[in-house]
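The following exercises are to be worked through with the sequence and the model in view. Each task is followed by a solution in steps.

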Amino acid sequence: MTLERARQLLATQVSFGGGYNRNGARLILADVAKEHGQAAVDDLIREFHLDQLFGFIPGKTQ
């Protein structure tokens, strides 16, 4: 998955919010981590404020 595609998918998850969307965002971040590493995941967490919305912590595997 490209980072641009991950951004598109995360934007959708963030717009809906909720528990199921948290799980979807977690799966997207896991895929990003496999292909691009933890630094890319941390950047996406910060960019979309996933720490505030879903409780994701930069630097930790989701």
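**Exercise 1.** State which helix holds asparagine 21, whether asparagine 21 is buried or exposed, and which residues asparagine 21 touches.

*Solution.* Asparagine 21 has its place in helix H2; helices are DSSP runs of H or I with at least four residues, numbered from the N terminus. The model is predicted, so local features need pLDDT of at least 70 and side-chain atom pairs count only at pLDDT 80 or more, while totals for chains, interfaces and linings use all residues. Residues are numbered from 1 along each chain as its sequence is written, and side-chain values use heavy atoms, with hydrogens and water left out. The relative accessibility of asparagine 21 is 16%, so this residue counts as buried (under 20% relative accessible area; exposed is over 50%, partly exposed in between, with a 1.4 Å probe and protein chains only). Leaving aside residues up to four places away in sequence, asparagine 21 touches Gln13, Phe16 and Phe54, where contact means heavy atoms within 4.5 Å.

**Exercise 2.** Describe how H1 and H2 are arranged, and classify the residues of their contact.

*Solution.* First, the axes of H1 (residues 3-16) and H2 (residues 19-36) come within 9 Å and cross at roughly 165°. Axes are lines fitted to C-alpha atoms, for helices over the stretch in contact, and angles run from 0 to 180 degrees between N-to-C directions. H1 is therefore roughly antiparallel to H2 (angles over 145 degrees; under 35 is roughly parallel, 65 to 115 roughly perpendicular, the rest oblique). Next, the residues of H1 that meet H2 include Leu3, Gln13 and Phe16, and their partners in H2 include Tyr20, Asn21 and His36. The residues of this contact divide into 10 nonpolar, 4 polar and no charged (nonpolar: Ala, Val, Leu, Ile, Met, Phe, Trp, Tyr, Cys and Pro; charged: Asp, Glu, Lys and Arg; polar: the others, Gly among them).

**Exercise 3.** Determine how many aromatic pairs the structure holds.

*Solution.* There is 1 aromatic pair. Phenylalanine 54 and phenylalanine 56 form this tilted pair, with 5.8 Å centre to centre and 45° between the planes (centres of Phe, Tyr or Trp rings, for Trp the six-membered ring, within 6.5 Å; planes under 30 degrees apart are stacked, over 60 edge-to-face, the rest tilted). Phenylalanine 54 is buried at 9% relative accessible area, and phenylalanine 56 is buried at 1%.

Note on methods. Helices (H or I, at least four residues) and strands (E, at least two) are DSSP runs, numbered from the N terminus.
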